[in-house]
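Look at the sequence and the model below. The paragraphs that follow go through some helices and then return to the loops.

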Amino acid sequence: MALKKYAKYGFSLLARGSLFYFSKEILKDSLNIKNGIYNNEKHIKAAVDWILEAQKANNNGGVAALYSLSDGWHESYSETTGYIIPTMFNYYHKTKEKQIKKSAIVMADWELTKQMPKGAFPGGAVNGKEFPIVFNTGQVIFGMVRTFQETKNIKYKQAAIKAADWLVKVQGKNGCWDKFDYLNKIHTYNTRTAWALLKVYEITKNKIYLNAAKRNIDWVLTRQLENGWFENNAFYETQEPLLHTIAYTIQGILEVGIYLNNKKYINSAEKSSNQLIKLQRKDGSLAGSFDKNWKSSVSWSCLTGNSQMAIVWLRFYTLTKNREYLEAAKRINNYVKSTQDLKSGNKGIRGGIKGAYPVYGWYAPFCYINWAAKFFIDALMMEDDLKFGDKLG
């Protein structure tokens with residue numbers, strides 16, 4: 001999971017002589033000085049260029065997890081590189097730029113080097129030894145399946161199947177994953193892992209993956225309160241769940257529901273989504289986290305979660321033709337666009353998306369993160385053309 005590994009980066013202030021950029025960004029955000037809002041394509045291209053810079057950072061094919069104002073580019077990150085791959089293929093189909101397709105395939109080939117012997121993908125390392133994580137494995141499946149669909153190279157399909165088999169093997173009988181996930185806790189945001197299993201079902205028609213996905217969603221629905229909020233949706237029990245993980249959960253349920261034409265699943269996702277529309281602020285943003293009463297203890301905004309909710313609302317617009325969803329998505333997209341710096345001389349900043357706005361919010365503080373750029377691109381591309389996005393079928 002991206003946040004848990006990187007949430008606390010950004011406090012070693014003077015490494016690599018970055019005091020100028022650090023101070024400038026804090027000042028801008030403290031004074032709420034936003035950037036210009038342009039057409040979506042300009043913002044999309046800038047974010048894609050940022051991802052390409054992040055891919056160059058470590059010269060191994062993977063995408064650097066983030067650019068820190070304190071100490072620059074970090075190592076390539078398997079989980080998020082995995083689900084960036086479909087975004088890059090979508091952008092290739094939009095622009096026909098062959099280099100974009102090539103970069104996505106290079107990412108996928110790097111992921112193949114990260115797969116562990118039993119099929120899982122790593123979530124981190126202790127004393128130099130990598131360990132498997134359920135959520136991370138699910139997210140890499142998105143990239144493996146999409147690369148197989150684009151190239152027809154069987155090695156990517158085999159990697160996806162091997163990863164899916166491991167996920168099925170370690171899944172609890174009640175449908176949740178209660179081991180090999182962060183802190184060995186149960187997390188409802190693994191609905192996005194269930195969605196990944198459906199991706200493998202789509203290319204294999206093996207019902208073991210379909211049934212495992214349904215078991216997980218059915219379990220998650222038992223954790224949903226009447227007001228739409230999900231229990232076990234934070235990284236640990238005492239944490240107020242981030243909009244980021246809330247949106248993961250909603251999107252996973254929704255996409256599985258759409259694929260299976262399961263109204264119960266779709267209605268569950270809609271209940272949560274509609275609560276968040278009510279909480280959208282005047283500037284278009286949402287708060288960074290929410291408790292079980294949909295109250296937030298923070299004033300800053302989680303930019304990743306904002307873009308994720310734009311995607312969810314745009315999907316509901318395709319289902320219902322209710323323009324409230326479309327307008328809410330446009331407002332939130334404009335908000336995130338206003339936080340993107342298109343003119344900085346620093347390639348780690350220009351075109352990137354921060355973890356939090358203001359940048360000192362506790363979600364990946366003082367960092368520009370690759371998963372925020374991914375969801376930002378997805379949201380803007382979907383706003384322009386609803387056929388784009390990481391959908392099933």
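Where is the place of W294? This residue of the predicted model sits in the loop between α11 and β5 (301-302). W294 has a positive phi of about 60°, although it is not a glycine. Is W294 buried or exposed? Its relative accessibility is 5%, and buried means under 20%, so W294 counts as buried.

A364 lies between β6 and β7. A364 is not a glycine either, yet its phi is positive, about 45°. With 1% relative accessibility, A364 counts as buried. The loop between β6 (356-357) and β7 (367-369) also holds P358. The peptide bond that joins Y357 and P358 is cis, with omega about 0°.

Now turn to the helices. Helix α6 has 18 residues, and the distance from its first C-alpha to its last is 26 Å. That is close to the 26 Å expected at 1.5 Å a residue. How many of the residues of α6 are buried? The count is 15 of the 18, so α6 is largely enclosed by the rest of the structure. After α6 comes K152, which has a positive phi near 65°.

Two packed helices are described by the angle between their axes and the distance between the axes. For helix α4 (residues 78-95) and helix α6 (residues 134-151), the axes come within 6 Å and cross at roughly 30°. Angles under 35 degrees count as roughly parallel, and α4 and α6 are therefore roughly parallel to each other. The crossing in which α4 passes α6 is left-handed. On the α4 side, the contact is made by S78, E79, G82, Y83, I85, P86, F89, N90 and H93. On the α6 side, the residues are F135, N136, Q139, V140, F142, G143, R146, T147 and E150. What kinds of residue make up the contact of α4 with α6? Seven are nonpolar, eight are polar and three are charged.

An α-helix has 3.6 residues a turn, so residues three or four places apart point the same way.

Helix α8 (residues 191-204) and helix α10 (residues 243-260) have axes 7 Å apart and pack at an angle of about 30°. That makes α8 roughly parallel to α10. Here too, α8 passes α10 in a left-handed crossing. From α8, the residues T191, R192, A194, W195, L198, Y201 and E202 take part. They meet Y248, T249, Q251, G252, I253, E255, V256 and Y259 in α10. The residues of this contact of α8 with α10 divide into eight nonpolar, four polar and three charged.

The last helix to consider is α9 (residues 207-221), which has 15 residues. From first C-alpha to last, α9 reaches 21 Å, close to the 21 Å expected at 1.5 Å a residue. Which residues of α9 are buried? They are Y209, L210, A212, A213, N216, I217, W219, V220 and L221. These buried residues pack against α7 (154-170), α8, α10 and α11 (263-278).

Key:
Residues are numbered from 1 along each chain as its sequence is written. This is a predicted model: local features need pLDDT of at least 70, side-chain atom pairs count only at pLDDT 80 or more; totals for chains, interfaces and linings use all residues. Side-chain values use heavy atoms; hydrogens and water are left out. Axes are lines fitted to C-alpha atoms, for helices over the stretch in contact, and angles run from 0 to 180 degrees between N-to-C directions. Helices (H or I, at least four residues) and strands (E, at least two) are DSSP runs, numbered from the N terminus. Angles under 35 degrees count as roughly parallel, over 145 as roughly antiparallel, 65 to 115 as roughly perpendicular and the rest as oblique. A crossing is left-handed if the near helix is turned anticlockwise from the far one by less than a right angle, and right-handed if clockwise. Contact means heavy atoms within 4.5 Å. Ala, Val, Leu, Ile, Met, Phe, Trp, Tyr, Cys and Pro count as nonpolar, Asp, Glu, Lys and Arg as charged, and the others, Gly among them, as polar. The expected span of a helix is 1.5 Å times one less than its number of residues. Buried means under 20% relative accessible area, exposed over 50%, partly exposed in between (1.4 Å probe, protein chains only).
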